[in-house]
There are 2 protein chains.
Amino acid sequence: MNTDRFNMEAAALAGYTSADAVEHLNTFEPADAASLLAVLPQEQAIEILEQPELQNAPEIINEMRPNVAVRLLNEVANDRLTDIFQELDETSRARLISGLDHKVRIAIQKLMRYPERTAGSLMTTEFVSVPGDWTVGQTLDLVKRVQGTRETVYAIYVLDPDNGTLQTVVTLRRLITGEPDDPVLSVAQTDTLVTVSPLEDQADVAHEIRRHNMLALPVVDESRHILGIVTVDDMIDAMIEDSTDDALKFGGMETLDKPYMKIGFFSMIRKRAGWLAALFLGEMLTASAMQHYEIALEKAIVLTLFIPLIMSSGGNSGSQATSLLIRSLALQEIRLRDWWRVALREIPTGITLGAILGAIGVIRIIIWQKAGFYDYGEHWVLIAITVGFALVGIVTFGSFTGSMLPFILQRIGFDPASASAPFVATLVDVTGLIIYFSVAVAVLSGTLL
Amino acid sequence: MNTDRFNMEAAALAGYTSADAVEHLNTFEPADAASLLAVLPQEQAIEILEQPELQNAPEIINEMRPNVAVRLLNEVANDRLTDIFQELDETSRARLISGLDHKVRIAIQKLMRYPERTAGSLMTTEFVSVPGDWTVGQTLDLVKRVQGTRETVYAIYVLDPDNGTLQTVVTLRRLITGEPDDPVLSVAQTDTLVTVSPLEDQADVAHEIRRHNMLALPVVDESRHILGIVTVDDMIDAMIEDSTDDALKFGGMETLDKPYMKIGFFSMIRKRAGWLAALFLGEMLTASAMQHYEIALEKAIVLTLFIPLIMSSGGNSGSQATSLLIRSLALQEIRLRDWWRVALREIPTGITLGAILGAIGVIRIIIWQKAGFYDYGEHWVLIAITVGFALVGIVTFGSFTGSMLPFILQRIGFDPASASAPFVATLVDVTGLIIYFSVAVAVLSGTLL
């Protein structure tokens with residue numbers, strides 16, 4: 001970038017909201033983005049670095065002069081700072097961490113120890129807490145003083161003055177209704193306080209925050225000392241990440257850590273080839289099943305015409321049922337122990353849906369035969385019957401298998417959302433062929449077979 | 001429920017958080033839930049009715065004596081009240097609405113006019129606003145007085161004292177840092193205020209709230225008068241609803257308005273049969289394609305063995321690409337105009353993935369032939385070549401079609417998330433068969449064909 005363009009861009013950025021500035025900076029190379037951040041007002045540069053939407057934060061930090069980087073990073077919220085440090089390579093991390101303020105360094109070293117996607121990795125240690133023997137006035141003064149350096153001050157945590165354990169919470173809206181000399185406990189929440197442990201899964205954290213409509217959820221250790229809080233906006237980012245992962249998994253992909261356009265060609269191939277190849281190997285069983293019925297196929301080539309139609313109907317009904325049950329389990333509308341209720345619903349549902357498709361299939365064969373579009377041979381009525389019954393069997397099997405798969409995965413300790421549409425289709429395809437040929441042998445033996 | 005059980009349940013509920021109480025009430029019949037709500041402390045009953053997770057709110061209201069219902073409903077936040085009223089039948093709605101306080105009635109009649117899934121239908125009219133010539137002290141006094149009746153007081157909207165248009169916002173955390181006699185504008189936000197129109201789609205509202213990490217987003221009319229605010233917790237519920245709908249649509253289902261177990265058998269059939277039947281009709285084209293190649297099939301029955309394998313590979317690669325692009329478009333990582341960049345990536349990606357699967361397929365045929373598991377006949381080498389090249393063609397076509405479909409849907413005004421895995425598979429199946437047989441004719445003509 002030449003100097004004119006640089007000055008122009010810097011001036012433009014200064015007038016943007018941080019969300020817009022992030023979007024604009026995402027279009028630059030990290031080196032240019034680093035130079036631009038260095039000349040922006042410090043407060044704005046910090047706000048930009050705090051957005052998880054900034055795509056190349058670690059690369060941008062790497063391109064900055066270390067003293068500039070450290071000056072900015074010292075002020076970044078420490079949950080976000082931890083995320084940035086976790087993506088830096090070992091060398092830069094070591095170089096930068098020594099320059100951070102002592103307190104910041106201790107905080108992020110602690111945060112970096114929690115595994116990804118846990119409450120501990122999402123939380124910030126920048127919250128407000130006061131001893132339970134303080135007054136409303138003392139608390140309000142503290143909030144006024146520290147509000148610029150805390151992610152949220154709308155929930156203030158009240159600690160036991162003797163042992164420092166978490167006692168309760170007071171919201172800022174309630175705090176301001178108290179008289180300055182009232183004890184802070186007089187305006188505190190009287191309900192049981194909802195807390196999570198630092199190793200709680202982020203999906204469960206999201207569930208709790210949503211269930212109780214909280215702005216922040218405290219994270220406590222076994223002795224009920226508060227370690228940090230997960231705020232609602234960090235939780236929203238985690239939710240979006242989770243639902244993206246689930247959507248990709250359902251499509252039969254590994255999850256991606258970068259936006260589509262930022263992923264290199266070969267990592268994209270790696271992310272996609274694994275599942276495709278695994279499904280391909282599973283699907284090879286269809287070739288074996290077909291080989292098994294080769295004699296029947298030779299005698300009644302007309303049967304092959306309906307193979308794709310019948311297989312896909314099984315896959316489609318399975319994919320419907322799986323997507324339905326994955327969501328119901330994720331939203332906790334249904335529990336693991338309800339599997340048999342679901343089975344008892346899916347079997348009649350499958351039979352009904354199969355009968356509808358079977359009827360359409362039979363009508364199709366009758367019309368084509370009668371109108372002379374195609375001649376299915378002298379036994380066309382039996383072929384229509386075969387197709388009709390096979391569809392009932394396959395759609396029932398598809399609905400049943402598709403609905404049970406998420407339960408089985410959850411039971412054996414996997415995420416039910418690992419059940420993908422292609423996975424279900426592959427499971428159903430082999431059985432679908434066997435059902436089809438078994439029906440054909442039963443209906444057509446003595447005539448065509 | 002007998003009296004003993006009833007008293008026990010009522011006593012237990014009184015000790016629950018509202019989230020737990022909602023979960024417990026969801027297990028009761030509406031009539032019992034209504035009796036229990038009527039005996040709970042009024043404040044708790046209102047909080048319970050405010051949870052969107054309460055599954056039968058309209059039925060419960062219907063079971064209450066009208067004077068009890070009206071007394072509670074008058075205090076329910078009016079965005080939630082609107083949702084409940086929208087689900088009531090015409091008669092109960094008319095009967096109850098006349099009993100509501102005048103102000104509440106006017107508010108919900110206004111809110112009910114906005115279409116579902118818009119900012120207008122999500123917003124609450126219970127926010128705090130002050131004229132721009134007020135002082136910090138006056139504003140704080142108002143907040144203290146009204147905080148019990150407002151969904152949020154953390155954002156206070158500042159209106160132009162002359163014409164009442166929305167000027168800016170002041171957060172409660174900043175407000176408390178001001179001196180009582182300072183003008184409220186001295187602590188107000190100086191950045192441009194983000195607003196939306198009442199007809200904005202809820203997905204875009206969610207995107208703005210997330211982008212700017214807001215706790216509430218103001219909704220304004222054309223002349224910039226504030227109509228209401230969308231709070232972050234209402235937005236989270238809307239996001240979950242949207243991602244559930246998207247997940248179901250991707251599985252090839254219509255969206256559901258109730259949890260799995262609460263949907264009647266026949267409405268479940270209706271929700272699923274439509275798409276299944278439509279896909280079935282589309283998939284019938286495969287039978288026509290097969291009929292077209294019947295002569296080839298008769299001559300080379302060995303070709304049929306690989307039909308399921310090849311078709312499913314096309315479907316799987318298409319489903320991967322579709323899920324990937326639906327998410328990228330939804331997260332606005334990619335815009336409509338980027339379609340050609342995506343096409344330029346997906347074609348080489350598809351060729352590479354197809355070559356990988358093709359190689360596995362060829363190796364499988366070689367092993368089976370050489371090890372004597374199966375005899376593909378004297379032309380087995382040509383058959384292996386056919387399968388290999390067909391896989392390259394089909395996976396490339398699948399990845400390309402799957403990636404373009406969300407763009408096409410968005411271009412013609414549909415939601416890209418309407419592209420389902422079964423829909424993509426159906427699209428790819430027919431073409432997949434044509435590719436397979438075309439390759440077969442090219443490679444095998446003069447020998448097998």
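The model is predicted, so local features need pLDDT of at least 70 and side-chain atom pairs count only at pLDDT 80 or more, while totals for chains, interfaces and linings use all residues. Residues are numbered from 1 along each chain as its sequence is written, chains are lettered from A in the order in which they are written, and side-chain values use heavy atoms, with hydrogens and water left out.

**Where chain A and chain B meet**

- The contact (heavy atoms within 4.5 Å) takes 115 residues from chain A and 115 residues from chain B.
- About 10600 Å² is buried between chain B and chain A, and carbon and sulfur atoms give 65% of that area. Buried area here is the accessible area (1.4 Å probe) that two parts lose on being put together, summed over both.
- Between chain B and chain A there are 36 residue pairs in polar contact, both residues at pLDDT 80 or more. A polar contact is a pair of N or O atoms within 3.5 Å; within protein, one must be able to donate a hydrogen and the other to accept it, and residues adjacent in sequence count only if both atoms are side-chain atoms.
- Helix α15 of chain B (residues 265-292) gives 18 residues, the largest share of the side of chain B that touches chain A. Helices (H or I, at least four residues) and strands (E, at least two) are DSSP runs, numbered from the N terminus.

**Salt bridges between the chains**

- Seven salt bridges are found across the interface of chain B and chain A, and the count over all chains is 17. The rule asks for a side-chain nitrogen of Lys or Arg within 4 Å of a carboxyl oxygen of Asp or Glu.
- D20(A) forms a salt bridge with R211(B), with the closest N and O atoms 2.3 Å apart. This pair crosses from helix α2 (residues 18-25) of chain A to helix α13 (residues 202-211) of chain B.
- D20(A) is partly exposed at 30% relative accessible area, whereas R211(B) is buried at 13%. Buried means under 20%, exposed over 50%, and partly exposed in between (1.4 Å probe, protein chains only).
- R211(A) and E23(B) form a salt bridge with their closest N and O atoms 2.7 Å apart. R211(A) lies in helix α13 of chain A and E23(B) in helix α2 of chain B, so the pair joins two chains.
- R211(A) is buried, with a relative accessible area of 12%, while E23(B) is partly exposed at 37%.
- E53(B) and R210(A) also meet in a salt bridge, at 4.0 Å from N to O.

**Salt bridges within chain A**

- A network of salt bridges links R117(A), E241(A), D242(A) and D245(A).
- D245(A) sits in helix α14 (residues 232-250) of chain A and is buried at 7% relative accessibility. Leaving aside residues up to four places away in sequence, D245(A) touches R117(A) and T255(A).
- D338(A) and R341(A) meet in a salt bridge at 3.3 Å, N to O. D338(A) is buried at 12% relative accessibility, and R341(A) is partly exposed at 41%.

**A helix in chain B**

- Helix α11 (residues 136-146) of chain B has buried residues including V136(B), L140(B) and V143(B).
- The buried residues of α11(B) pack against β1 (128-131), β2 (155-159) and α12 (172-175) of chain B.
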